[in-house]
Amino acid sequence: EGEGHLRTRRAMWSALVAGGATLTFTAVSAVPAGAAEGGVSFSNVKVNGGKPIVIGVKEEVVVRATFRMTTKLRHDPGVAVFPYRGSLESGDQLWNTIETSDCKVVNRAKGICDYEERLYIDPRHYDFGNEDAGAWKTAGRVWLAGDKHDIDDVKVPLQVKRATRLTVNASPEPLRKGRTLTVTGKVTRANWDTHKYQGYAGRTVSLQFKAAGATSYTTVRRVKSSSTGSLRATVKATRSGTWRWVYYGNTTSGAKASAGDYVVVR
């Protein structure tokens with residue numbers, strides 16, 4: 001295990017746990033003294049199903065990953081893939097704990113193993129903050145015999161995003177057909193520095209409606225949030241149905257839909 005991570009290589013790691021004894025392949029070539037690369041390859045890497053990693057302010061997030069590693073070199077348990085920025089060897093890494101399964105042997109003669117992994121990120125960690133939102137890359141690493149290691153960029157881009165929340169309220173309800181309905185709400189975003197949700201100003205948010213008996217929503221209007229994240233729209237009531245707000249996210253903020261508010265129109 002190493003010490004280190006987020007931005008300063010001094011925090012974020014707390015454990016790297018293998019599911020049990022990892023299959024050790026017999027080395028067919030010696031690793032030169034001090035070598036950090038060579039003889040290992042990672043493939044078929046999938047992290048979080050290819051979706052952005054969206055993180056709130058309190059709950060630890062579990063990111064699932066699968067990957068294949070090919071090597072005939074002797075190595076330790078705890079093979080892992082994880083988000084990184086900057087240098088592979090000295091850049092930022094984003095994880096608290098990684099749990100890796102045992103090797104599922106694909107081809108023993110060629111040293112091919114498949115792995116499953118759970119990677120944990122805790123937004124309450126003191127070295128985690130708003131600057132960690134955005135684009136990351138993915139590294140794969142294995143510790144080899146003699147305290148050497150191999151670490152590779154596995155060419156899988158990742159997006160890490162601050163969670164958003166939306167509320168909705170439509171009033172008055174019930175109301176007569178043709179009368180004015182006012183739909184309000186608020187869009188807030190996780191602040192990883194304060195561990196609170198705060199109003200998200202200047203966001204374009206869609207007001208959507210699903211008529212009674214319908215199966216999908218239709219966008220009725222787009223509204224920009226106020227300086228405090230508040231939303232407000234007035235519409236003419238024509239039929240009963242459900243109203244909601246939807247924010248489609250950006251490069252640092254997750255997408256979110258509010259709950260629905262059903263309004264009876266008589």
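Asp147 counts as exposed at 70% relative accessibility, where exposed means over 50% relative accessible area, buried under 20% and partly exposed in between, computed with a 1.4 Å probe on protein chains only. Asp147 sits in the loop between strand 10 and strand 11 (148-153), strands being DSSP runs of E of at least two residues, and helices runs of H or I of at least four, numbered from the N terminus. Although Asp147 is not a glycine, its phi is positive, about 65°.

The model is a predicted one, in which local features need pLDDT of at least 70 and side-chain atom pairs count only at pLDDT 80 or more, while totals for chains, interfaces and linings use all residues. Residues are numbered from 1 along each chain as its sequence is written, and side-chain values use heavy atoms, with hydrogens and water left out.

## Backbone geometry

Most residues other than glycine have a negative phi, and most peptide bonds are trans. Asn44, found in strand 2, is not a glycine and yet has a positive phi of about 55°; Asn44 is partly exposed, with a relative accessible area of 45%. Two cis peptide bonds can be described together with these residues: one joins Ser171 and Pro172, with omega about -5°, and another joins Glu173 and Pro174, also with omega about -5°. Pro172 lies in the loop between strand 13 and strand 14, and Pro174 has its place in the loop between strand 13 and strand 14 as well.

## Strand 13 and its surroundings

In a regular strand the side chains alternate between the two faces of the sheet. Strand 13 (residues 164-171) has Thr164, Leu166, Val168 and Ala170 on its covered face, and Arg165, Thr167, Asn169 and Ser171 on its uncovered face. Strand 13 pairs with strand 14 (residues 180-191) in the antiparallel sense over eight bridges, two strands being paired if DSSP finds at least two bridges between them. Within this pairing, Thr164 stands opposite Arg189 in strand 14.

Tyr197 belongs to strand 15 (residues 196-199) and, at 23% relative accessibility, counts as partly exposed. A further separation concerns Gly129 and Arg162, whose C-alpha atoms are 10.0 Å apart while the residues are 33 apart along the chain. Gly129 lies in the loop between strand 9 and strand 10 and counts as buried at 2% relative accessibility.

## The disulfide

A search of the whole structure finds one disulfide, defined as a pair of cysteine sulfur atoms within 2.5 Å. Cys103 and Cys113 form this link with their sulfur atoms 1.8 Å apart, and the link is left-handed, with -80° about the S-S bond. Cys103 lies in the loop between strand 7 (97-100) and strand 8 (104-107) and Cys113 in strand 9 (residues 112-121), so the pair ties together parts that are 10 residues apart in sequence. Both cysteines, Cys103 and Cys113, are buried.

On a 1 Å grid over the protein atoms alone, a cavity is a set of points where a 1.4 Å probe fits but cannot get out, a pocket is an open set with protein on both sides within 12 Å along at least five of seven lines, and lining residues have an atom within 4 Å of a point. Grid points are joined across faces, edges and corners, and a volume is the space filled by probe spheres set on the points.

| Space | Volume | Strand giving the most lining residues |
|---|---|---|
| Largest pocket | about 160 Å³ | strand 16, three residues |
| Largest cavity | about 40 Å³ | strand 5, three residues |

The largest pocket is lined by 14 residues, of which Phe209, Val220, Thr238, Arg239 and Trp243 lie nearest its centre. The largest cavity is lined by Val47, Val63, Ala65, Val81, Phe82, Pro83, Glu117, Leu119 and Thr138.
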